[in-house]
Structures are given as C-alpha cells and as structure tokens.
Amino acid sequence: MSNSHLTRRAALAAMFAVGMHLATAGRARAESPPVENVAAPTAWSSLSPEEQKALSRYSEKWNSMPADQQQRLVRGTRRWLAMTPEQRNKAQQRYSRWKELSPEQKELARKRWHKYRELPPDQQARVRENYQRFKKLTPEQRQRLRERWQSASPEERQRMLERRRQRQQHRPPPPPR
C-alpha cells in the first residue's frame, strides 16, 4: 500500500484521533454503573481497608460530604483498585495529559466525546478501528497526515471524507467488541 493511499485512508482517523485520545480519560466515568436517583450516604466504616486507605485524604470530611460525591469517590476507588498496574499507569498518563489541557481544549474533548457516544455502535466501532490504525502509523506518517489535513481547504477535506466513506461502504463492518 502506498504512503499516499495510507495517508488518505487514515484521514478520518486523524480527525477523530485527537478527540478519542483526549476523551478516553472520560470513558471510565461514562461506563461506570448508573447512580441511583437518591444517593444514600456511605458510612466510612462500611468501606474496606483498601478503600479507606485510598480515600484517606477525605476521612476527616467524609461525613459532611454529599452522598452523591461519596458514591462517586467510592466507585472511582473501586475501579482503581480493580485495575492492573499497567491500567493504572495508563490512567495516570491520561489524567496528566488532561490536566495540561486548556479549558477550551477540555471543552472540545468533552464535545467530541459526547458526539462519539451519540454515534450508532457500528460507527463507534469504525472510529475505534480508525483510531487504532492511526496509532499504528509511525510518528512521521502521523505528522504528514496532520499536515495534509491542516493544509487542506474545506472542500479538499470534504472530498477526503467522501472518498473515505465510499471505501468504508465497500468493506465489511468490523467485528463487535
């Protein structure tokens, strides 16, 4: 496959890559179990020793916290404790990147995440597939793709997306996750 063909094929991936990359940190929160309408306070003594240790900085003010905040902290702590060391490391890296973003970049990432979540499952799968393909590109290929996309006029970008859609229509859908 030629570099130009690979670059064209990854154009859509480039568009979604930044949004997916930045929005991934919000995925764990979006996939957490739903909070019941009326949150009941969580007694500190009902937490496991591991949960108490992880939440120790909140121990003094735990009883004065709103119940929904307590439950969010407990859910997050349980997710954290269930992670492998590799997953924890990745989560810390994502959080570090998130903290470095400007408020405008954070808002853009949130909007892109919400837009992604509104897509039908088959389109979400294609976005994930394209993002994975983009991640496999070398740094030089990614940079060329970004430059090509940024230097393209709106009309050229539209043509690139149209060609991508046409190729997508002739391919079988990716397997479900």
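Q: What share of the chain's contacts between residues at least 6 apart in sequence join residues at least 24 apart?
A: This is a predicted model, where local features need pLDDT of at least 70, side-chain atom pairs count only at pLDDT 80 or more, and totals for chains, interfaces and linings use all residues. Residues are numbered from 1 along each chain as its sequence is written, and side-chain values use heavy atoms, with hydrogens and water left out. A contact here means heavy atoms within 4.5 Å. Among the contacts in question, the share is 62%.

Q: What average pLDDT does the chain have?
A: pLDDT is the predictor's confidence in each residue, from 0 to 100. In this chain 75% of the residues score at least 70. Over residues 1–29 the pLDDT is below 50, though that stretch has 53 contacts in the model beyond near neighbours in sequence. The chain average is 81.

Q: How many helices are there in the chain?
A: Helices (H or I, at least four residues) and strands (E, at least two) are DSSP runs, numbered from the N terminus. Strands come to 0, and along the sequence the pattern reads α-α-α-α-α-α-α-α-α. So, with helices taken as such DSSP runs, the count is 9.

Q: How far does α4 reach from its first C-alpha to its last?
A: Helix α4 covers residues 67–82, which is 16 residues. The expected span is 1.5 Å times one less than the number of residues, and for α4 that is 22 Å. The model comes close to it, at 22 Å.

Q: Which residues of α4 are buried?
A: Buried means under 20% relative accessible area, with exposed over 50% and partly exposed in between (1.4 Å probe, protein chains only). What covers the buried residues of α4 includes α3 (49–54). The list is A67, Q70, Q71, L73, V74, R75 and T77.

Q: How are α4 and α5 oriented to each other?
A: Their axes are 8 Å apart and pack at an angle of about 130°; axes are lines fitted to C-alpha atoms, for helices over the stretch in contact, and angles run from 0 to 180 degrees between N-to-C directions. Angles under 35 degrees count as roughly parallel, over 145 as roughly antiparallel, 65 to 115 as roughly perpendicular and the rest as oblique. The pair is therefore oblique.

Q: Which residues of α8 meet α7?
A: Helix α7 (residues 121–136) and helix α8 (residues 139–151) have axes that come within 8 Å and cross at roughly 120°. From α7, the contact uses F134, K135 and K136. Their partners in α8 are R142, L145 and R146.
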